[in-house]
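Thank you all for coming.

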Amino acid sequence: LIFTDARGVPSIRVIDFGSAFSFEEPERMGLGTPEYMPPEALLATSNRLGKAKHSVADLRDRSNPWSFDIWSLGAIWLELCVGAPLWLSYKCRVVEGDRPYFTTGLFAAAGRDGDKILGKQQEVLQALQAVVEEAPGIRLQETADGMNLLEGMLAWNPLDRFSPEEALTHPFLES
């Protein structure tokens, strides 16, 4: 949830800790909603399901404690830009003015298969500018700073992903 205080300063409130885990004990990671999970988490949880890609313990070496959260926040922001839940596998109608827009969730996959979701994540990130331009939601593409922040939050490599400090002090949020 995004709130604005009396001075007009926005703040974000996290409301779901259902899949929270300690970065020091990644083997205790539960399964969250896969469409909001970063690629490295999908790879690690696929390993737990017998599709060895990376071990859960390797997450410490390949990510930062906050990289999952930044990805998930970027995914929610992308969802607001598109106007439909990322997980929705049924076609839905989103109305922008008098123009209906039909879509499914960008990361929706039959059976919520992690490998299929990873493929959809890659497809969307490779065409992120076009995806956001075509969507009826928040008009993020109208500012280079907005797209830069979204791209930084959804960086495929978790070590390249924006930190919370970088995100909070980003020019898009400063303006």
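Is Arg112 buried, partly exposed or exposed? Arg112 is partly exposed, because its relative accessible area is 41%, where buried means under 20% relative accessible area, exposed means over 50%, and partly exposed is what lies in between, with a 1.4 Å probe and protein chains only.

Before I go further, please keep in mind that this is a predicted model, in which local features need pLDDT of at least 70 and side-chain atom pairs count only at pLDDT 80 or more, while totals for chains, interfaces and linings use all residues. Residues are numbered from 1 along each chain as its sequence is written, and side-chain values use heavy atoms, with hydrogens and water left out.

On confidence, pLDDT is the predictor's own score for each residue, from 0 to 100, and the protein chain averages 80, with 80% of the residues scoring at least 70. Confidence is lowest in strand E1, residues 2-4, at a mean of 66, and highest in helix H6, residues 144-153, at 94; these names refer to DSSP runs numbered from the N terminus, with at least four residues (H or I) for a helix and at least two (E) for a strand. Where pLDDT is low, the predicted coordinates should not be read in detail.

Let me return to Arg112, which is found in the loop between E4 and H4 and has a positive phi of about 50° although it is not a glycine. The side chain of Arg112 meets that of Glu35 in a salt bridge, at 3.1 Å from N to O, the term being used for a side-chain nitrogen of Lys or Arg within 4 Å of a carboxyl oxygen of Asp or Glu. This pair links distant parts of the chain, 77 residues apart, with Glu35 in the loop between strand E2 (10-12) and helix H1 (39-48). Glu35, for its part, is buried, with a relative accessible area of 1%.

How many salt bridges are there by this rule? The count comes to 3. One of them joins the side chains of Arg161 and Glu40 at 2.8 Å, N to O. Arg161 lies in the loop between H6 and helix H7 (164-168) and Glu40 in helix H1, so the pair ties together parts that are 121 residues apart in sequence, and both Arg161 and Glu40 are buried. There is also a salt bridge between Glu142 and Arg139, whose closest N and O atoms are 3.7 Å apart; here Glu142 is exposed, at 63% relative accessible area, and Arg139 is partly exposed, at 30%.

Turning to the strands, E3 (residues 92-96) and E4 (residues 99-103) pair in the antiparallel sense over 5 bridges, where pairing requires that DSSP finds at least two bridges between two strands. E3 and E4 form a hairpin with 2 residues between them, and Gly97 in the turn has a positive phi of about 60°. Within this pairing, Cys92 stands opposite Thr103 in E4.

Finally, the cysteines: Cys92 is buried, with a relative accessible area of 19%, and Cys81 is buried as well, at 0%. A disulfide is taken to be a pair of cysteine sulfur atoms within 2.5 Å, and by this rule the count comes to 0 disulfides.
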